[in-house]
Amino acid sequence: MKIVNNFKLRGSRCSGIDKKPIEIYMFIDPLCPECWALEPILKKLKIEYGQYFSIKNVLSGRLANLNLSKKKNYENIAQSWEKIASKSGMSCDGSLWLENPVDTPSTVSIALKAAELQGRRAGLRFLRRIQEMLFLEKQNISNLEVLKDCAGRSGLDIEEFMIDIHSESAAKAFQCDLKITAEMEVIEIPTLVFFNENAEDEGIKITGTYPYEVYVQILEEMLPEKPVKSAPPPLEAFVKFFKFVASKEIAVVYDMPIAQIEREMKKLLLKQVVEQIPAKYGTFWRYIDE
């Protein structure tokens, strides 16, 4: 099975003060359960090798362009969500599509670009929060009031966000992402494209989700020297940093069985460091801010 393809990027890549040896273009859709299922692996990769790469999220628009008006299509999406959730361990409740469906997916994509106008980190926080509201809380994240609430909970400037969501800048940024998606011939999500510092070198494109070791192997192949793996932080520090995490995410990061993770998390629960949030598939934990 061939999982990587060479690709030469046309145009300039991102630059800035956080420039790192590897840049990963991650093609996603906020409504994509496979992207949500990739979260545990991404967390582990960032913790162990985050000093070597940065990630640029690119919206593929795949789900934004779907005709979601037919009930049969809703039922198919619901079934797909349930299947992916049970397989991945990252809960997502497919009954959303039968009870409170997302009626205008393109609005979500534009909202994400509006959030990114406040910085890449702001965009990442906003993406995570809308995924939580969608997959766990069954919220219609194309509703403007829901998006406004999400912006507030993500630490964004709400007034600025509400202006930007209707702005030409956000719409153009989304169109730019669609153009990049077409140029890189991305037809499935999630897709990750790895580039090194040499603009003349080809990138490596990997479509779908694979074992963690595959992503590490790509980093090792693209870096001039073998990367040094960083150890994960103490469990309490991990939860404090991410605020809201699944048992599955913790298990992947710490290479521990779910049962062992839940025993450790219940110790933090007794210390009132976290609260337990049951989900349709698995358990989530929210850090209690002092």
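Me: Which strands does helix α11 lie across?

Reply: Keep in mind that this model is predicted. Helix α11, residues 235–242, lies across β6, β7 and β8, and runs at about 120° to β6.

Me: What order do the strands of that sheet have, and how are they paired?

Reply: Read the order across the sheet. Here it's β6-β8-β7 in an open sheet of 3 strands, and the pairing is antiparallel. β6 (244–246) and β7 (274–278) sit at the edges with a single partner strand each, so one side of each has no neighbour in the sheet. On average, neighbouring strands are turned by 25° against each other, ignoring direction.

Me: How many bridges join β7 and β8?

Reply: They pair over 5 bridges, in the antiparallel sense. Gln276, for instance, stands opposite Trp285 in β8.

Me: Now the rings. How many aromatic pairs are there in the whole structure?

Reply: A search finds 11. For each pair, check the distance between centres and the angle between planes. Take Trp81 and Phe135: their centres are 4.8 Å apart and their planes are at 55°, so we call the pair tilted. Trp81 is in helix α3 and Phe135 in helix α6, so this pair ties together parts 54 residues apart in sequence. Both Trp81 and Phe135 are buried.

Me: And Phe241 with Phe242: what kind of pair do they form?

Reply: That one is edge-to-face, with 4.9 Å centre to centre and 90° between the planes. Phe241 counts as exposed because its relative accessible area is 62%, over the 50% cut-off. Phe242 is partly exposed, at 25%.

Me: Which charged residue lies over the face of Phe242?

Reply: Lys43 does, at 4.7 Å from the ring centre.

Terms used
Residues are numbered from 1 along each chain as its sequence is written. This is a predicted model: local features need pLDDT of at least 70, side-chain atom pairs count only at pLDDT 80 or more; totals for chains, interfaces and linings use all residues. Side-chain values use heavy atoms; hydrogens and water are left out. Two strands pair if DSSP finds at least two bridges between them. Helices (H or I, at least four residues) and strands (E, at least two) are DSSP runs, numbered from the N terminus. Axes are lines fitted to C-alpha atoms, for helices over the stretch in contact, and angles run from 0 to 180 degrees between N-to-C directions. Contact means heavy atoms within 4.5 Å. Rings of Phe, Tyr and Trp (its six-membered ring) pair if their centres lie within 6.5 Å; planes under 30 degrees apart count as stacked, over 60 as edge-to-face and the rest as tilted. Buried means under 20% relative accessible area, exposed over 50%, partly exposed in between (1.4 Å probe, protein chains only). A charge sits over a ring if NZ of Lys or CZ of Arg is within 6 Å of the ring centre and within 35 degrees of the ring normal.
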